[in-house]
Amino acid sequence: MIDELLAQFLIEGREQSLEAGADLVALQRGPIDRARLDRCFRAVHTLKGSADLLGYKPMGRALHAAEDALGALRDHPPADGHDFSALLAVADQVERWLDALEAAAALPDDAAKAADGLVARLTGQPLADAAPAAADDWDGAAVFPGRGGVAVRYTPRADAYFSGDDPTAIAAGLPGLAELRVRLAEPAGELGLYDPFRCNLVIEALSTAPRPQVEEALRLVRDQVAFASLTAAAPTAAPAPVAEPEAARRSLRIDADRIDQMADLADQLVVAKNGLTELASQVEALDGGRALGQALRARQAELDRLVGSLNATVGQARLTPLAPLLGRFPRLAREIAAELGKPAVLEIEGGEVEVDKAVVDGLFEPLLHLVRNALDHGVETASARTAAGKPGQAKIRLSARTLGDQVVIAVADDGAGIDPQRVRAKALARGLIDGQAAAALDEAAVIELIFRPGFSTAETVSSVSGRGVGMDAVRAAVVRLGGRVEVRSQRGQGATFNLVLPIRTVLTRLIVVACGDERFGLPMDAVAEVARVAARDVTPIRERRAFVLRDQVVPLVDLGQALGRRDPARDSGRVVVARVGGEPVGFEIDAVVDRVDAVVRPMNGLLAGTRGVAGTTLAADGSVLLVLDLSELAS
Amino acid sequence: MRIEHREGVAALHGHCRVADAETLASLLQQSPGITLDVSGCESLHAAVVQAILAFRPPVVGAPADPFLKNHLLTALAREAAVD
């Protein structure tokens, strides 16, 4: 139960802190927008409530202070150019605390101290002119928004009834009662165990009478009452147009695992229904079986259609907007920029673009590296920038847009661009290319060298970029998702990295097998089973071999040799049994190494006709894995 | 308090005092689908209100007392509409 609450808090908390952060950045930059101030306030207010509920006190304290500050700003909007950095610091810290909660289910040890710092920073700042309010015990404005008067929260003690109090009668006695709310203080719980005499109520009321009168009416229960003096919201002279909330789609929160399970089942359905084609053939081959066989085929065609639809629908369900992924980067960019001492801001665009969940999951690391790289190597120091006539604050744009059935995600900086001379020199120094070849390359080709493995060991290993995760890893990750990386650069103006990816990934289930020191991928739906066959059960039949699998004689082929390898398979006894033309064929391998889901790209160009090869994919270590077509190999 | 039963409805009459909370809670527990008619109520002790909030039966009727009619029942209706 606690875990569920935390999990929910992490999901919603991130949304709210992203919202608050984005609003604060916009408020800092542009004209003060009342609707935005309001949105920001509500996001912080909700976050505060959840933090309080879950007992994360330092987070709650910081958010209380932020909420107070935002509330004051909301009531008395400041002039343009007001400094929101203290509030932004809270939003950023909340995001970091959410990371800590996700990793360790607890706030870091220094959370209380950090909260103190944030609160001090907020309260030390002169707030907008606010009319001094009488001491308030509780947040009445949240319960009676926009109203004026005395707000009262009366929480009778559990033994109130035994003391002879009737809280209803007390409420009825309030002068100037304008509005009344009554609710249970705690959920009723198991109704079979309901205790009618244990008081479990919260009574909230708004009165238009003067506060002393209200206090007088409640004097006998003063210790159970909190007061707040509210001022009605002043009507705005020119009401700011309220931004329409995002068109509410009918949507559900679904556990990502459930979608994966559904996708899994849909895949298995594909394999299962494929088995029917064969059955239909077998039935047709029987005496008098033609009609039945054809009926089976018709049914199978219908199943085909339905399974295809199901797959497509599940594929749709896996589509998810990029906004949560992109939204993490402005804060990360702020932190990296601060670490490097280079003022920079990261803007995002295109969060509403939707892509397959697998793509979203696989893009965080590559994007993070590109952003780090842009800040570390692309962006010049502030002084160099001003000397060059550029604004001191660098700008990085992280954007997404669709292009047909592809999505283009771009990381564009306005830094110094990529220097082809330096790249060429570095590649030579690292021995990635020899002098002759280097001289022959044009500028675009030289820039491509940054993607070579081994290129990117930085001269100064900063804590930001230096972990040896290079551009080659970025490219490999994107290719693994079925996409490509392109780079465009202009000296003095900046560089743009475009990640072009399919919106939907089509993942094929593969088993990876070893033949000697080579690895190959076999599509799982071509594989009926992986059998163990002892050497003594293998019978030579003329130049070929066969073995008995249950009651059937199955031809045996050495997979490596079928692919042109010289060495025979080791006697590991492992045989992959595939169905070729309705008949089982065994392929002898050395070992089954792995099972993966991968994007298989078909061979094209000169290699398109290669016998026995269905396509290629990238193994986890970045090497190319051939995916085999077993039926071609068997014939 | 006096309770009048019609089909599916329990009408509460008079002053509903603290002890009546137990009677009402039993009734609501045994007849979960029952509707409460409060038009005859002259007052509702908080314990009775609490029982109504806990068991959440439908509540109908407009009592004469202005506090009950304008404030308390409105508050109950509000809670009933939440989630």
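Predicted model: local features only at pLDDT ≥ 70, side-chain atom pairs only at ≥ 80, totals over all residues.
View 1. A cavity here is a set of points on a 1 Å grid over the protein atoms alone where a 1.4 Å probe fits but cannot get out, and lining residues have an atom within 4 Å of a point. Grid points are joined across faces, edges and corners, and the volume is the space filled by probe spheres set on the points. There are 13 lining residues, and those closest to the centre are Ala20(A), Val44(A), Leu87(A), Val90(A) and Ala91(A). At least two lining residues come from each of α1 (2-29), α2 (34-54), α3 (57-75) and α4 (85-104) of chain A. α4(A) gives the most, four residues. Helices (H or I, at least four residues) and strands (E, at least two) are DSSP runs numbered from the N terminus. The lining divides into twelve nonpolar, one polar and no charged residues; Ala, Val, Leu, Ile, Met, Phe, Trp, Tyr, Cys and Pro count as nonpolar, Asp, Glu, Lys and Arg as charged, and the others, Gly among them, as polar.

**View 2. The second largest cavity, of about 50 Å³****, is lined by residues of chains A and B**. From chain A the lining includes Thr168(A), Leu180(A) and Ile203(A), and from chain B it includes Ala46(B) and Phe67(B). α7 (167-172), β2 (177-184) and β3 (201-207) of chain A, and α2 and α3 of chain B, each supply at least two lining residues. Nine of the lining residues are nonpolar, one is polar and none is charged. The whole structure holds four cavities of 30 Å³ or more.

**View 3. Chains B and A bury about 2000 Å² between them, 68% of it on carbon and sulfur atoms**. Buried area is the accessible area (1.4 Å probe) lost when two parts are put together, summed over both. Gln50(B), Phe67(B) and His71(B) supply 29% of the area that chain B buries against chain A, more than any other three residues. The contact (heavy atoms within 4.5 Å) takes 22 residues from chain B and 26 residues from chain A.

**View 4. On the side of chain B that touches chain A, α1 (20-30), α2 (46-55) and α3 (66-81) of chain B each give two or more residues**. The largest share, eight residues, comes from α2(B). This side has 15 nonpolar, four polar and three charged residues.

Residues are numbered from 1 along each chain as its sequence is written, and chains are lettered from A and ligands numbered from 1 in the order in which they are written. Local features need pLDDT of at least 70 and side-chain atom pairs count only at pLDDT 80 or more, while totals for chains, interfaces and linings use all residues; side-chain values use heavy atoms, with hydrogens and water left out.

Technical notes
1 Å grid on protein atoms, 1.4 Å probe; cavity = no way out; pocket = protein on both sides within 12 Å on 5 of 7 lines; lining within 4 Å.
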